[in-house]
Protein chains: 2
Amino acid sequence: MLYAGFMSAAPPSVPTPQEPVDQPELLQLGTALEADEPCLRADAARNRARLLEAAGRLVAERGAEAVTMEAVAAEACVGKGTVFRRFGDRTGLLTALLDHSEKKFQAAFLGGPPPLGPGAPPEERLRAFGCAMLRRSTDELELQLAAEPGASRRYVAPARRVLRHHIEMLLRQAVPDADCELLSHALMGQLDPALVHHLTRQCGIPLSRLEAAWTDLVDRVTGEGAARR
Amino acid sequence: MLYAGFMSAAPPSVPTPQEPVDQPELLQLGTALEADEPCLRADAARNRARLLEAAGRLVAERGAEAVTMEAVAAEACVGKGTVFRRFGDRTGLLTALLDHSEKKFQAAFLGGPPPLGPGAPPEERLRAFGCAMLRRSTDELELQLAAEPGASRRYVAPARRVLRHHIEMLLRQAVPDADCELLSHALMGQLDPALVHHLTRQCGIPLSRLEAAWTDLVDRVTGEGAARR
DNA sequence: ATCTCAACCGGACCGCGGTCCAGTTTTGTT
DNA sequence: AACAAAACTGGACCGCGGTCCGGTTGAGAT
């Protein structure tokens, strides 16, 4: 009765019981920090805990690459499907493993004491933020890397090396006193095809704006912009 | 020898008859541009051509994601093993597909006419280089993306978004007149865990240098460095 | 206590990337 | 022309990520 003449709106909408994958919800400043799982059934919550623990054990004992979905399932005495239902995919599982330190870090720069948290001038906060992230990266690096497929190969691709090297050379001419090798990586970041795809296709940003941002970045880095501003 | 130390430095080096995978050799300025394959046996060369052609056909007809190793092999009437022997892995195959335009691009900024090629001041060459790369990316984007596994997800990861957004906010305070959204991506590039791993673990660069480079980058971008230099 | 239904579970199943090796073809040598 | 070594070939095989679905179980309503 409820749905008399109502169905026309609903698309094909299979009776999928709504993706239950728990997103690592982006912080909720001020709310209780430990109310993680939305409203999980008892057994589901128990399995989730088991799975995370098992995954942690695996990465501790045999390295991050041993964290295979099947292995985790077996280690937790749980079906394979359960792992996927809970975490969506491998990346989701690894991300969940990182979630705790992630939240701590977010809390630190969002509400913690200066210079990381609010209260210091923005430039100083930026400097502190970068250093904090660098240190954090070196700690949980293995997981961080495993969570992103193909991450370890990215900076070894020959093509990329040539391009970066060219930027580095030009930088050496333009700003001889800088650490051009490292600086070139920052510039490369702005030209990453994946980024370009994301910005233009998914965010709808026109190419012209990307170009403008690039020239602006070059100006700032080479110090040419200082005169103009 | 060109690629010594590329693929994770062959460890125990089994009696494998030397990886015959043909690297997209990094440019050889001045040599013949069409002597691509090093010294391939006749049938091997023929199969290689067949494979590339088949792959091209597939990507043209059914998109880059249809370029499966098995599909390419079948389309070229060739065994699966042959594809892997020739190109190493999927990435290698896609890379080889991109190789032609890659070489053209390299030639353009290495030896072509200014402002891309030599002859113009470095700042101008940098600007031209970026714009050229941006345009190139938008063209062969699909392949470029497919060649790097997980590339399309990278910039959608929630954690990354939060971090980038924080940088963006700080930038807005520090340099209100800039395109902070785009600028933040460049800064993020310098903090990418994969990059940190590559620089510290594979290149042996100490963390302190990364930190120094980061603060220097912040100074340059916020214009604070101008006063200091 | 019982009923009902949505949520959950497990594991069979699929496709793909990647490896391996027995057999075949090419090339250089005598 | 005949031969041997080297290089190449193809397809069976493996492991893993991801999907699917029939059966089960927990939680609220009566």
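## The nonpolar core

In the largest nonpolar core, which has 61 residues, L183(A) and L183(B) touch the most other members. The model is a predicted one. Setting aside neighbours within four places in sequence, L183(A) is in contact with L171(A), A178(A) and V221(A), and also with A213(B) and L217(B) of chain B. In soluble globular proteins, nonpolar side chains tend to be buried together.

## Where the chains meet

How many residues of chain A are in contact with chain B? There are 73 residues of chain A in contact with 74 residues of chain B. On the side of chain A that touches chain B, helix α11 (residues 207-222) of chain A gives the largest share, 14 residues. That side of chain A has 40 nonpolar, 20 polar and 13 charged residues.

## The surface near DNA strand C

Around DNA strand C there are 24 residues, and those that come nearest are G79(A), G81(A), A42(B), G81(B) and D89(B). By class, this surface has ten charged, eight nonpolar and six polar residues.

Helices α1 (42-62) and α3 (80-87) of chain A each supply at least two residues of the surface, as do α1 (42-62), α2 (69-75) and α3 (80-87) of chain B. The largest share, four residues, comes from α3(A).

## A residue in helix α1 of chain B

A54(B) is found in helix α1 of chain B. Is A54(B) buried or exposed? A54(B) counts as buried because 20 other C-beta atoms lie within 10 Å, and the cut-off for a buried residue is 20 or more.

Apart from neighbours within four places in sequence, A54(B) is in contact with V72(B), E75(B) and A76(B). E65(B) is eleven residues from A54(B) in sequence, and their C-alpha atoms are 14 Å apart in space.

Methods
Residues numbered from 1 in each chain as written. Chains lettered and ligands numbered in written order. Predicted model: local features only at pLDDT ≥ 70, side-chain atom pairs only at ≥ 80, totals over all residues. Near = placed C-beta within 6 Å. Nonpolar A, V, L, I, M, F, W, Y, C, P; charged D, E, K, R; others polar. Core = buried A, V, L, I, M, F, W, Y, C linked by C-beta atoms within 7 Å. Buried ≥ 20, exposed ≤ 12 C-beta atoms within 10 Å, placed from the backbone. Contact = placed C-beta atoms within 7 Å.
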